[in-house]
Amino acid sequence: MFELFPDQPVYDYPTFLNVFYSLLWSFVLSSLIAITHKLTYSGHQYPKNFFQAMSLGSIVAAMVMMAIGDSLARGLGAFGALAIIRFRTKITDARNIIFLFAALSVGLAIGVFGYTIAFVGTLLFCIMALTLHFTPFSAKEGVRGKLQFRINDKLNLPPAIEIIKKYCVQYSDVQLSTREDGRFDLGYFIELKIGSDNTAFLSELQNTEGVDRVKVDYRAFQEDN
């Protein structure tokens, strides 16, 4: 067992020093998991609120487990109290759910004073996550968004598509509307190739003959999916 905790409590309410150490280490370990998640994140913009949720969630989990202790009555009471809370946050990425659950598991382990489980589990989880990040099973992907632009004539579309193919690993059309002046508004869901220069892509597309009003909305992809 770790020397940092020579007097691990086996009673209902631990001392102030043990509580302080436990909550501090739950924050440190869950922050390591959150940092690992940030290092291996492949989206366009990292959600800072998710980082904070992982770091702070373990403290809450540890406090709940310490308050419950070995009491079945307290456990049922805590379960009933927490059941009142309705979490309506939508998490669609299974990988994010795993990281959040890992951070909460650290708090649960620390809350029952399972320091060895918390330390070894955090270390192994972070190492495995970083290892997978550099393997073919990585979740790395290009920036995704909704591309919108206007063309003067259908003959201007093939050159624009060639530029899209040059910078994007995949694309799919989602919008085609004809204006009263005979021009066309188009929309595509795109995924840029990893390492592609977004500024160069938009500049080259904007300078294509017959193409104007070029813009990319990266939030639209997440909202529509």
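Start by colouring the model by pLDDT, the predictor's confidence in each residue, from 0 to 100. The protein averages 78, and 76% of its residues reach 70 or more. Now select residues 221-225: here the pLDDT is below 50, and beyond near neighbours in sequence the stretch has five contacts (heavy atoms within 4.5 Å) in the model. Where pLDDT is low, the predicted coordinates should not be read in detail.

Some ground rules: this is a predicted model, where local features need pLDDT of at least 70, side-chain atom pairs count only at pLDDT 80 or more, and totals for chains, interfaces and linings use all residues. Residues are numbered from 1 along each chain as its sequence is written, and side-chain values use heavy atoms, with hydrogens and water left out.

Next, select Leu 29, Ile 33, Met 54 and Ile 110. They have the most contacts inside the largest nonpolar core, which has 21 residues. Such a core is a set of buried Ala, Val, Leu, Ile, Met, Phe, Trp, Tyr and Cys residues joined through side-chain atoms within 4.5 Å, and buried means under 20% relative accessible area, with a 1.4 Å probe and protein chains only. Show helix 1 (16-39), helix 2 (48-68), helix 4 (94-111) and helix 5 (115-133), the elements that give two or more residues each. Helices are DSSP runs of H or I, at least four residues, and strands are runs of E, at least two, numbered from the N terminus. Which helix gives the largest share of this core? Helix 4, with six residues.

Stay in helix 1 and click Ser 30. Buried or exposed? Ser 30 counts as buried, because its relative accessibility is 0%. Its side chain makes a polar contact of 2.8 Å with that of Ser 58; the term covers N or O atoms within 3.5 Å, where one must be able to donate a hydrogen and the other to accept it, and residues adjacent in sequence count only if both atoms are side-chain atoms.

Now move to the open sheet, whose four strands have the order 2-3-1-4 with antiparallel pairing. Two strands pair if DSSP finds at least two bridges between them. Strand 2 (168-178) and strand 4 (211-217) each have a single partner strand, so one side of each is left without a neighbour in the sheet. Strand 2 pairs with strand 3 (184-192) over nine bridges. Along the way, find Ser 172 opposite Phe 189 in strand 3.

Last stop: helix 6 (157-167), which packs on the sheet and touches strand 1 (144-151), strand 2, strand 3 and strand 4.

Key:
Buried < 20%, exposed > 50% of the residue type's maximum accessible area, 1.4 Å probe, protein only. Axes fitted to C-alpha atoms, helices over the stretch in contact; angles between N-to-C directions.
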